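Reader: I have the model open and would like to go through the packing. Can you take me through it one piece at a time?

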Amino acid sequence: MTTTSTAAYWEPLWAEGRRYRKLDEQETRLLNGHLGPGRGRPALDIGCGDGALARHLHHRLGYRATGIDCSPSALALAAALDSEDGPGPLWRCADIGADDLTVLPEPAYAAITCRLVYRRLDDKAAFVDRVRRLLVPGGTCWVVAEIAGRRENTDPLQGLGINPADAEILTAGWSVVRTHDLDVLRCYALRP
């Protein structure tokens with residue numbers, strides 16, 4: 001499905017210590033408002049990286065969270081950073097676009113999150129279809145993506161992000177679509 005979601009691309013970056021945009025308070029408040037309390041229901045964090053979002057879902061919102069990433073180094077970091085008492089999220093090495101998802105502990109999820117991964121997917125329509133099949137009726141898919149063109153013209157990362165066509169692929173076919181803009185990011189709350 002993708003060329004930049006594979007372990008061959010991500011593993012060296014995580015293994016060499018590369019880190020990405022941290023989950024901040026404003027984004028967390030929006031997420032909490034759209035997902036609500038987990039009450040032990042299953043949640044899946046796709047492309048979990050260092051696990052910050054999966055840990056938040058698990059320890060703060062009360063979901064039974066699973067974080068997946070195609071990088072073993074990212075998953076090792078995620079597990080090492082979980083310092084809470086009691087059991088934490090489950091960590092699974094998987095590529096959402098290419099792997100058989102029977103490695104997942106649940107057949108369906110009440111919440112699915114995907115933070116800063118969507119823009120890197122080559123086959124965005126296949127990704128959205130896969131997510132829809134994994135989401136329980138009434139569940140919420142939370143996607144955070146950078147929007148192209150939001151940075152200053154002089155910023156070398158100015159073209160980074162998704163374009164309107166990518167956003168249309170993401171939002172088409174959902175019965176509820178809510179968006180919130182945070183500087184260069186857009187948060188999408190999607191419901192079937």
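This is a predicted model: local features need pLDDT of at least 70, side-chain atom pairs count only at pLDDT 80 or more; totals for chains, interfaces and linings use all residues.

Reader: Fine. Is Thr 171 buried or exposed?

Author: Thr 171 counts as buried because its relative accessibility is 18%. Buried means under 20% relative accessible area, exposed over 50%, and partly exposed in between (1.4 Å probe, protein chains only).

Reader: What does Thr 171 touch?

Author: Leaving out residues up to four places away in sequence, Thr 171 touches Val 177, Tyr 188 and Leu 190. Contact means heavy atoms within 4.5 Å.

Reader: Which residues of H5 and H6 meet?

Author: From H5, Lys 124, Ala 125 and Val 128 meet Asp 166, Ile 169 and Leu 170 of H6. The two axes come within 9 Å and cross at roughly 25°. Axes are lines fitted to C-alpha atoms, for helices over the stretch in contact, and angles run from 0 to 180 degrees between N-to-C directions.

Reader: What does that make H5 and H6 to each other?

Author: H5 and H6 are therefore roughly parallel. The classes are: under 35 degrees roughly parallel, over 145 roughly antiparallel, 65 to 115 roughly perpendicular, and the rest oblique.

Reader: And how do H2 and H3 compare on that scale?

Author: The axes of H2 (residues 25-35) and H3 come within 12 Å and cross at roughly 45°, so these two helices are oblique to each other. Thr 28, Leu 31, Asn 32 and Leu 35 in H2 meet Leu 53, His 56 and Leu 57 in H3.

Reader: Switching to the sheet. In what order do the strands run?

Author: Seven strands form an open sheet with the order E3-E2-E1-E4-E5-E7-E6, and the pairing is mixed. Two strands pair if DSSP finds at least two bridges between them. Strand E3 (90-93) and strand E6 (176-182) are at the edges with a single partner strand each, so one side of each has no neighbour in the sheet.

Reader: Which helix packs on the sheet and touches E3?

Author: H3 (residues 52-60) does, touching E1, E2, E3 and E4, and its direction makes about 170° with that of E2. H5 also packs on the sheet, touching E1, E4 and E5.

Reader: How do E1 and E2 pair?

Author: E1 and E2 (residues 64-69) pair in the parallel sense over five bridges. Five of the six residues of E2 are buried, so E2 is largely enclosed by the rest of the structure.

Reader: Last topic, the largest nonpolar core. Which members touch the most others?

Author: Of its 28 residues, those are Leu 44, Ile 46, Ile 112, Tyr 118, Phe 127, Val 143 and Tyr 188. A nonpolar core is a set of buried Ala, Val, Leu, Ile, Met, Phe, Trp, Tyr and Cys residues joined through side-chain atoms within 4.5 Å. Apart from this core lies another, of 18 residues, including Ala 43 and Leu 182.

Terms used. Residues are numbered from 1 along each chain as its sequence is written. Side-chain values use heavy atoms; hydrogens and water are left out. Helices (H or I, at least four residues) and strands (E, at least two) are DSSP runs, numbered from the N terminus.
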